[in-house]
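Subject: Structure for you to look at, with notes

Dear colleague,

I am passing on a structure that I would like you to look through before we talk. Please open it alongside the notes that follow, which go from the whole chain to particular places in it.

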Amino acid sequence: MTEYRIVEIFESLQGEGYNTGMPAIFIRFAGCNLNCRWCDTNFRRYTPFTLQQILLHIQRYKSKNIIITGGEPTFVKALPLLLEQLKIAGYYIAIETNGLAQVDEHIDYIAMSPKFCYQTRYQEIKQAKADEVRIVVEDHPELIDFCHYIEQHIKAKRYFVSPCEQNGSFNMLQTIELLGQLNQKRVDNKWLLSIQTHKLANIE
Ligand SMILES: Nc1nc2[nH]cc(C(=O)O)c2c(=O)[nH]1
Ligand code: SF4
Ligand SMILES: [Mg+2]
């Protein structure tokens, strides 16, 4: 039987991006194709779940929204099988992805977070559309060029920059400086600010 490697399943509020505050059940999958220096998730430890166990487990929660995250959930082999069942059960499904693999058609909302530290991997775009793009602000003079590149190659409804959290503090000044620079060139659809509010609100 198919085994899903689950780091955790919990109910909380979407902490970041356009859907900030949306109640949701988070399903966090183990494994990632990247290894970002500032990654805030231990995606290596997991508990095996069957499809039925996941479906049973999420019934205990109130929310009908699901956020599929990780790690990097687009590399989970049997993900389409699970998504199909979640759609049949009536869930609205969002995903958090780094955008290096194609996103399944069952997903209702794509939050894509391309990683500057792996920018060469984005020379080949496999998922050219998203609902939102969120770029974590790293200390590098070429970050703004990466933001422009992503804006040109990934069609999204909105674009965010997000401060990087390390040891409990956020590089907020750097983030709003970048935001100002990005919006100097942009007159129509502005770049926006996304904050990991769950970390400030002390929720999961
Ligand atoms: N509250 C809350 N919102 C989130 N949005 C994306 C998260 C993630 O870890 O992918 C996350 C998370 O871990 N917690
Ligand atoms: S892509 Fe996301 S989960 Fe993977 S290492 Fe980077 S921050 Fe962590
Ligand atoms: Mg998180």
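**Overall form**

The protein chain has 204 residues and a radius of gyration of 17 Å, which agrees with the value near 17 Å that a compact globule of that length would have (the radius is taken over C-alpha atoms, and the globule rule is 2.2 Å times the number of residues to the power 0.38). Please keep in mind that this is a predicted model, in which local features need pLDDT of at least 70 and side-chain atom pairs count only at pLDDT 80 or more, while totals for chains, interfaces and linings use all residues. Residues are numbered from 1 along each chain as its sequence is written, and chains are lettered from A and ligands numbered from 1 in the order in which they are written.

Along its principal axes the C-alpha trace spans about 50 × 35 × 30 Å. The secondary structure of the chain comes to 5 helices and 11 strands, where helices (H or I, at least four residues) and strands (E, at least two) are DSSP runs numbered from the N terminus. Buried residues make up 29% of the 204 residues; a residue is buried if 20 or more other C-beta atoms lie within 10 Å of its own, exposed if 12 or fewer, and partly exposed in between, with C-beta atoms placed from the backbone. Among contacts between residues at least 6 apart in sequence, 67% join residues at least 24 apart, a contact being a pair of residues whose C-beta atoms, placed from the backbone, lie within 7 Å.

**The nonpolar core**

The largest nonpolar core holds 38 residues, of which Ile66, Ile110, Val133 and Ile135 touch the most other members; such a core is a set of buried Ala, Val, Leu, Ile, Met, Phe, Trp, Tyr and Cys residues joined through C-beta atoms within 7 Å. The largest share of this core, 5 residues, comes from S2. Leaving aside neighbours within four places in sequence, Val133 is in contact with Met112, Pro114, Ile150, Ile154, Ala156, Tyr159 and Phe160.

**Around the ligands**

Ligand 1 is surrounded by Ser12, Leu13, Gln14, Gly15, Glu16, Thr41, Thr69, Glu96, His198, Ile203 and Glu204, where a residue is near a molecule or strand if its C-beta atom, placed from the backbone, lies within 6 Å of it. This shell divides into 2 nonpolar, 6 polar and 3 charged residues (Ala, Val, Leu, Ile, Met, Phe, Trp, Tyr, Cys and Pro count as nonpolar, Asp, Glu, Lys and Arg as charged, and the others, Gly among them, as polar).

The shell of ligand 2 consists of Cys32, Leu34, Asn35, Cys36, Cys39, Thr41, Phe43, Gly70, Gly71, Glu72, Asn98 and Lys115, and divides into 5 nonpolar, 5 polar and 2 charged residues.

Gln14 is placed in the loop between strand S1 (4-13) and strand S2 (23-29), and counts as buried because 21 other C-beta atoms lie within 10 Å. Thr69, in strand S4 (residues 65-69), is likewise buried, with 21 C-beta neighbours inside 10 Å, and, not counting residues up to four places away in sequence, touches Phe26, Arg28 and Glu96. Thr41 lies in the loop between S2 and strand S3 (47-49) and counts as partly exposed, with 14 C-beta neighbours inside 10 Å.

Ile203, in the segment after helix H5 (197-200), is exposed, with 11 other C-beta atoms within 10 Å.

**Backbone details**

Most residues other than glycine have a negative phi, and most peptide bonds are trans. The peptide bond from Gly70 to Gly71, however, is cis, with omega near 15°, and Gly71 lies in the loop between S4 and helix H2 (79-88). Asn167 has a positive phi, near 50°, and is found in the loop between strand S9 (165-166) and strand S10 (169-170). Asn202, in the segment after H5, has a positive phi near 55° and counts as exposed, with 6 C-beta neighbours inside 10 Å.

With best regards

Terms used:
Two residues are in contact if their C-beta atoms, placed from the backbone, lie within 7 Å.
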